[in-house]
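Here's a quick briefing on one protein chain, written for someone who likes to know the cut-offs. Have a look at the model first.

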Amino acid sequence: MLFIFFMSLFNDPYIHRYKINDDTIVLSVYFMEKECGYINITNEKINSIISCAIKSFKGLMKRADVEFEYINGNFVIIATRTKKIILKIKCPLEIYEKIKR
């Protein structure tokens, strides 16, 4: 599992929309009305690159090693073994429901 994460005290990036391509859900990440990254989710893996101003996240994870939760308006990716939060990003509930399927 590879991930790099940097937080800021300012505005937060958010998932603005999603697209389903065959077996992949593609989440578009925005920051201050501009697209700045993506999260691709398949049954086998999660691949993401987010670079929004001073906030960045890069990750490639096996889907079996993580679980998804929706907490206080955020899509949260948690390591199954350690229960450590890997990524937390604002997300509308309607989009999270598509991800959780």
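Predicted model: local features only at pLDDT ≥ 70, side-chain atom pairs only at ≥ 80, totals over all residues.

Residues are numbered from 1 along each chain as its sequence is written, and side-chain values use heavy atoms, with hydrogens and water left out.

**Overall fold**
- The chain has nine strands and one helix; helices (H or I, at least four residues) and strands (E, at least two) are DSSP runs, numbered from the N terminus.
- In sequence order, the pattern reads β-β-β-β-β-β-β-β-β-α.
- The radius of gyration is 12 Å, close to the 13 Å that the globule rule gives for 101 residues, so the chain is as compact as a globular protein of that length. That radius is taken over C-alpha atoms, and the rule is 2.2 Å times the number of residues to the power 0.38.
- Along the principal axes, the C-alpha atoms fill a box of roughly 30 × 30 × 25 Å.

**Packing, surface and charge**
- Of the 101 residues, 40% count as buried (under 20% relative accessible area; exposed is over 50%, partly exposed in between, with a 1.4 Å probe and protein chains only).
- Among contacts with a separation of 6 or more, 33% come from residues 24 or more positions apart; contact means heavy atoms within 4.5 Å.

**A buried strand residue**
- Serine 28 sits in strand β3 (residues 24-31) and counts as buried because its relative accessibility is 9%.
- Leaving aside neighbours within four places in sequence, serine 28 touches Tyr14, Ile15, His16, Arg17, Glu35 and Gly37.

**Two loop residues with positive phi**
- Most residues other than glycine have a negative phi.
- Aspartate 22, in the loop between β2 (14-21) and β3, has a positive phi near 50° and is exposed at 81% relative accessible area.
- Glutamate 33, in the loop between β3 and β4 (34-41), has a positive phi near 70° and is exposed at 64%.
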